[in-house]
Amino acid sequence: MKNDRARPLLLTAFSAAAFCVVAGSAFAHSRSDGGSHAGLDIPEISHGEMAVMSDYRVRIINLASRAVDTNEPFRRVLNYAEIQYSYCLWGRMPGSVTDEASPFNECAHAYLAATKAVLLSMREMPREAAAAGEIISAVDADMVRRGLALITCRFSGEAFNTADIVKPRWSGIPFHAASMASLTGLASLFGLGVFALRRFSRPKVQSSE
């Protein structure tokens with residue numbers, strides 16, 4: 001029974017550990033060092049588009065992952081979209097998409113701009129064109145219904161490049177309440193998970209009586 005109770009805590013600890021690996025590798029700067037721009041250019045995405053595109057991200061990536069008639073540029077942009085998503089902590093941080101002040105907003109722009117580029121590329125693929133067209137129509141309809149087309153922010157005119165990874169602004173986290181609260185809570189869960197791991201992994205002492 002004790003081991004069963006410990007399993008959720010251990011899963012939490014492993015999730016927190018994964019976060020720490022990503023955060024540790026991305027800690028220093030907002031952009032990757034160098035930024036050679038030797039990769040593929042990715043057009044910008046507006047702040048208004050992001051809110052809708054994020055709702056369709058899973059559907060778009062799933063369709064792209066199953067695409068058959070792909071080429072190297074398409075695969076590189078798709079790979080960039082997924083790498084950027086992990087650097088942005090898988091979209092888990094509150095306000096990363098909607099809050100311009102979030103330390104994670106620029107990196108959210110990057111992975112959603114790449115997601116949009118992937119979607120638009122699939123319009124030219126014979127087997128994926130119909131499904132991609134349906135998603136594009138749904139995105140357009142949501143944009144109009146929610147009145148998001150004209151909403152911009154300071155990152156709305158920013159284009160991206162597959163050679164330039166956009167990292168969160170870690171130094172801005174202490175000044176963004178929602179991000180700080182989320183990471184503080186995650187750290188607490190990690191500590192609890194480590195405690196549970198140590199407690200329930202101790203060998204039982206057999207009584208001699």
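Reply: Let's start at Leu 89, which sits in the loop between helix 3 and helix 4. Before going on, a word on ground rules: this is a predicted model, where local features need pLDDT of at least 70 and side-chain atom pairs count only at pLDDT 80 or more, while totals for chains, interfaces and linings use all residues. Numbering runs from 1 along each chain as its sequence is written, and side-chain values use heavy atoms, with hydrogens and water left out. Helices (H or I, at least four residues) and strands (E, at least two) are DSSP runs, numbered from the N terminus.

Back to the loop. Leu 89 has a phi near 55°, which is positive even though the residue isn't a glycine. Most residues other than glycine have a negative phi. Trp 90 is also in the loop between helix 3 and helix 4, and its phi is likewise positive, near 55°. How much of each is covered up? Leu 89 counts as buried, at 3% relative accessibility, whereas Trp 90 is partly exposed, with a relative accessible area of 33%. Here buried means under 20% relative accessible area, exposed means over 50%, and partly exposed is in between, using a 1.4 Å probe and protein chains only.

Now for Cys 88. A disulfide (a pair of cysteine sulfur atoms within 2.5 Å) joins Cys 88 to Cys 107, with 2.4 Å from S to S. The torsion about that S-S bond is about 65°, so the disulfide is right-handed. Cys 88 belongs to the loop between helix 3 and helix 4 (105-121), and Cys 107 to helix 4 itself, so the link ties together parts that are 19 residues apart in sequence. Both Cys 88 and Cys 107 are buried. The count by this rule is one disulfide.

Axes are lines fitted to C-alpha atoms, for helices over the stretch in contact, and angles run from 0 to 180 degrees between N-to-C directions. Helix 3 and helix 4 pack at about 150°, with axes 8 Å apart. That makes helix 3 roughly antiparallel to helix 4. The cut-offs are under 35 degrees for roughly parallel, over 145 for roughly antiparallel, 65 to 115 for roughly perpendicular, and oblique for the rest. The crossing of helix 3 past helix 4 is left-handed; left-handed means that the near helix is turned anticlockwise from the far one by less than a right angle, and right-handed means clockwise.

Who touches whom? Contact means heavy atoms within 4.5 Å. From helix 3, Phe 74, Val 77, Leu 78, Tyr 80, Ala 81, Gln 84 and Tyr 85 meet Cys 107, Ala 110, Tyr 111, Ala 114, Thr 115, Ala 117, Val 118 and Ser 121 of helix 4. That contact has twelve nonpolar residues, three polar ones and no charged ones. For these classes, Ala, Val, Leu, Ile, Met, Phe, Trp, Tyr, Cys and Pro count as nonpolar, Asp, Glu, Lys and Arg as charged, and the others, Gly among them, as polar.

Thr 115, in helix 4, is worth a stop. Thr 115 counts as buried, at 1% relative accessibility. Leaving out residues up to four places away in sequence, Thr 115 touches Met 53, Arg 57, Ile 60, Ile 61 and Ala 81.

That brings us to helix 2. The axes of helix 2 (residues 47-65) and helix 3 (residues 72-87) come within 11 Å and cross at roughly 140°. That makes helix 2 oblique to helix 3. Their contact uses Arg 57, Ile 61, Ala 64 and Ser 65 from helix 2, plus Phe 74, Leu 78, Glu 82 and Tyr 85 from helix 3. These residues split into five nonpolar, one polar and two charged.

Helix 2 also packs with helix 5 (residues 129-146), at about 160° and with axes 10 Å apart, and the two are therefore roughly antiparallel. This crossing is right-handed.

Finally, zooming out: the protein chain has six helices and two strands, in the order α-β-α-α-α-α-β-α. Of its 209 residues, 42% are buried.
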